[in-house]
Amino acid sequence: MKASIALQVLLLSQGIDRIAIIDQVIAYLQAQSVTMVVTPFETVLEGELDELMRILKEALEVAGQEADNVFGQCQNKCREILSIDEKLEKYTETSH
């Protein structure tokens with residue numbers, strides 16, 4: 001089943017380099033064979049639901065290697081989805 005999932009990883013641990021850990025999670029996600037886009041607040045993934053759920057679990061495990069308090073917030077849409085490109089085609093430029 002096709003799905004679109006938005007993942008936000010929040011690191012609640014103290015005394016850690018949050019940006020470095022988020023960079024590790026993003027690097028893990030980029031190594032996967034799904035369509036994705038990184039935004040300032042979340043990363044959006046598209047693919048088969050079962051594969052995306054595996055990726056989400058493993059992304060949280062990557063974060064948990066360096067942080068002992070990880071919160072993952074996820075939104076998903078299944079079945080008939082618009083692609084990332086279809087969702088963003090009207091909004092390709094940054095506004096000021």
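This is a predicted model: local features need pLDDT of at least 70, side-chain atom pairs count only at pLDDT 80 or more; totals for chains, interfaces and linings use all residues.

Residues are numbered from 1 along each chain as its sequence is written, and side-chain values use heavy atoms, with hydrogens and water left out.

A pocket here is an open set of points on a 1 Å grid over the protein atoms alone, where a 1.4 Å probe fits, with protein on both sides within 12 Å along at least five of seven lines; lining residues have an atom within 4 Å of a point. Volume is the space filled by probe spheres set on the points, which are joined across faces, edges and corners.

The largest pocket comes to about 240 Å³. Its lining has 14 residues, with Ile22, Ile26, Phe41, Glu42 and Thr43 nearest the centre. Strand 1 (2–11) and helix 1 (18–30) are the elements that each give two or more residues to that lining; helices (H or I, at least four residues) and strands (E, at least two) are DSSP runs, numbered from the N terminus.

The second largest pocket holds about 190 Å³. Among its lining residues are Val37, Pro40, Glu42 and Leu88. Helix 3 (residues 84–88) contributes the most there, three residues.

Now the hairpin. Strand 2 (residues 35–38) and strand 3 (residues 43–48) run antiparallel, joined by four bridges; pairing requires at least two DSSP bridges. Met36 sits opposite Leu45 in strand 3. Four residues lie between the two strands of this hairpin.
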